[in-house]
Amino acid sequence: MKILVPVKRVIDYNVKVRVKADKTGVDLANVKMSMNPFDEIAVEEAIRKKEAGEAEEIIAVSIGPQQAQETLRTALAMGADRAILIQTDDTVEPLAVAKLLKAVVDAEQPGLVILGKQAIDDDSNQTGQMLAALLGWPQGTFASIVKVAGDKLEVTREIDGGLETVSLNLPAIVTTDLRLNEPRYASLPNIMKAKKKQLDVKAPADYGVDTAPRLKTLKVEEPPKRAGGIKVKSVEELVDKLKNEAGVL
Amino acid sequence: MAALVLAEHDNKELKPATLNAVTAAAKLGGDVHVLVAGSGCQAVADAAAKIEGVAAVLLADDEAYAHPLAEVIAPLVVSLAGDYDAIVAPTTTNGKNIMPRVAAQLDVCQVSDVIAIEAPDTFVRPIYAGNALATVQSADAKKVMTVRGTGFPAAPASGGSAEIRPVGGAGNPGISSFVRQELAKSDRPELTAAKIIVSGGRGMGSGEAFSIIESLADKLGAAVGASRAAVDAGFISNDHQVGQTGKIVAPELYIACGISGAIQHLAGMKDSKVIVAINKDEEAPIFQVADYGLVADLFEAVPALEKAL
Ligand SMILES: Cc1cc2nc3c(=O)[nH]c(=O)nc-3n(C[C@H](O)[C@H](O)[C@H](O)COP(=O)(O)OP(=O)(O)OC[C@H]3O[C@@H](n4cnc5c(N)ncnc54)[C@H](O)[C@@H]3O)c2cc1C
Ligand SMILES: Cc1cc2nc3c(=O)[nH]c(=O)nc-3n(C[C@H](O)[C@H](O)[C@H](O)COP(=O)(O)OP(=O)(O)OC[C@H]3O[C@@H](n4cnc5c(N)ncnc54)[C@H](O)[C@@H]3O)c2cc1C
């Protein structure tokens, strides 16, 4: 079985984002970019499946600017076998990302696609589910355990009330939650090796997908700031403030 | 203009998140209908019919909907979508699982986690863990969206008397099945509906230590929350995680104990009305958002707080 892992280049999770003064978006100039943390978990899961003999090949794919090659090289250094960049500088919304990924799936015929549950920039939490819909495949979203069981996949999902386990026919879509695994760091020799692995660069037009956005961003603003608070000296003072000043007790 | 709200329920009870979604749907300006898809869920439909502002309840009562599998629910919603201009679900794990599948089948983009509706086609949603708010306008004829509970007040649960219409099943594609569920049992209020939340972080040090949080929570009638670090360390189960990738809460009072205040945690609780932080490190970033900060060892302060109440 082949596993396809879509990885997105996003602002590093440690960076405090700043909204641009003209309200057109957030300032991405000179900020550290990394692989979306949920996608690192997806790559790791794919590698573990390969190490367990359940998969033969791992293909990483990204849709984004030329610099997304770095993100793909990271996936290759972790252990993916080859990579595809669908290069574009345009805004590509989840539905269009899903359509491009469907085209890649049609060409590559993977048995499993593992995505992150959400990208930490747009926080959409959509792409995996949309891809599943377009393919007519089952989906195991927010996964914390993924087991291959014959021709089925058993996925334990993190849901609001606790955990749910579902059984999916293969081929299937999985989206990762935080506790699925702890991604490995790429070793230096593997980073060197990754430079020689195959990385194909394509364009959205190669797949015949219309990526025109459906959403227009009218403005991007900073959320209202909380007024600074005070430090209390004791538990007694805290209780007094909560009762008599804040009125919440 | 009419909107269809996907009800959140467990076949027995209608979940409060539905009420917030009804308020959001009403803001779109047309009739609001509620879809209850489940098995043996008449009581849920009855409750939905009483929500103020709901004009009709569509009841799909079928064994196939006993568990809300996206593969089964999405085609049902799509089969009903023709009559609606908007389809709305609360941003719960259910809504997040099902709605993008609906949107893709309808070939429309989804607007995720809406916190305000400016016009029937214009929505505000948080991005970058809530560090920016984007106002977006959708060009799609049909709007598919999930709405954040804390952005919209709950519609009154009584006062309405909508008609209940049975709707037909759309079949089961048979590509997935439910295996089992391990639901946390608790008599405490649900995190997203609680007026007070007491949360513990890595500073708790162990699962046993969480008993002081639980004890304080019980005294206050509060829900128990946690940071990701506390959940990852196995101190407490995943359904307690508050944050960008956990639950988004906005109670009257949020008490953070042994939580440093990472952006991803703040994303889930910074809209709380009053925030209290108890942390032994006076430099902890949580103090920047706290209305009342107490620099103290939580193992002393938390039990003392419980006693002082
Ligand atoms: C400068 C700039 C501005 C943008 N502005 C907007 C905007 O205003 N509104 C908007 O909707 N979008 C915008 N985008 C596009 C946006 O960044 C996302 O690509 C798109 O919205 C997908 O949403 P998400 O990442 O939140 O998806 P999610 O559904 O949260 O992503 C889930 C998973 O899907 C996969 N995935 C998602 N995107 C990609 C990708 N590109 N390549 C490979 N795998 C992927 C990953 O596995 C990821 O973990 C902008 C992009 C750029 C570069
Ligand atoms: C993709 C991604 C998603 C994430 N999503 C979330 C999320 O949804 N929710 C979330 O919470 N985090 C999330 N995180 C993790 C987040 O970045 C932080 O790592 C996490 O919130 C830290 O948890 P903490 O504050 O409990 O632990 P720490 O940062 O380790 O803080 C522990 C605090 O306890 C204090 N302390 C220790 N002992 C005591 C004592 N005896 N008395 C008083 N104070 C004490 C310390 O001073 C310290 O401030 C995410 C991270 C990533 C990368």
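User: Which residue's polar backbone atom is 2.9 Å from an oxygen atom of ligand 1?
Analyst: This is a predicted model, in which local features need pLDDT of at least 70, side-chain atom pairs count only at pLDDT 80 or more, and totals for chains, interfaces and linings use all residues. Residues are numbered from 1 along each chain as its sequence is written, chains are lettered from A and ligands numbered from 1 in the order in which they are written, and side-chain values use heavy atoms, without hydrogens and water. A polar contact with the ligand is a pair of N or O atoms within 3.5 Å. At 2.9 Å from a ligand oxygen, the backbone atom belongs to A:Asn125.

User: How much of ligand 1 does the protein bury?
Analyst: Accessible areas come from the Shrake-Rupley method with a 1.4 Å probe. Taken alone, ligand 1 exposes 920 Å², and the share buried by the protein is 82%.

User: Which side chain has an N or O atom 2.6 Å from an oxygen atom of ligand 1?
Analyst: Around ligand 1 there are 25 residues, where near means a heavy atom within 4 Å. A:Asp39 and A:Ile63 are among those that come nearest. The 2.6 Å pair involves the side chain of A:Lys8.

User: Is A:Leu188 buried or exposed?
Analyst: Buried means under 20% relative accessible area, exposed over 50%, and partly exposed in between, with a 1.4 Å probe and protein chains only. Because its relative accessibility is 59%, A:Leu188 counts as exposed.

Methods: A polar contact is a pair of N or O atoms within 3.5 Å; within protein, one must be able to donate a hydrogen and the other to accept it, and residues adjacent in sequence count only if both atoms are side-chain atoms.
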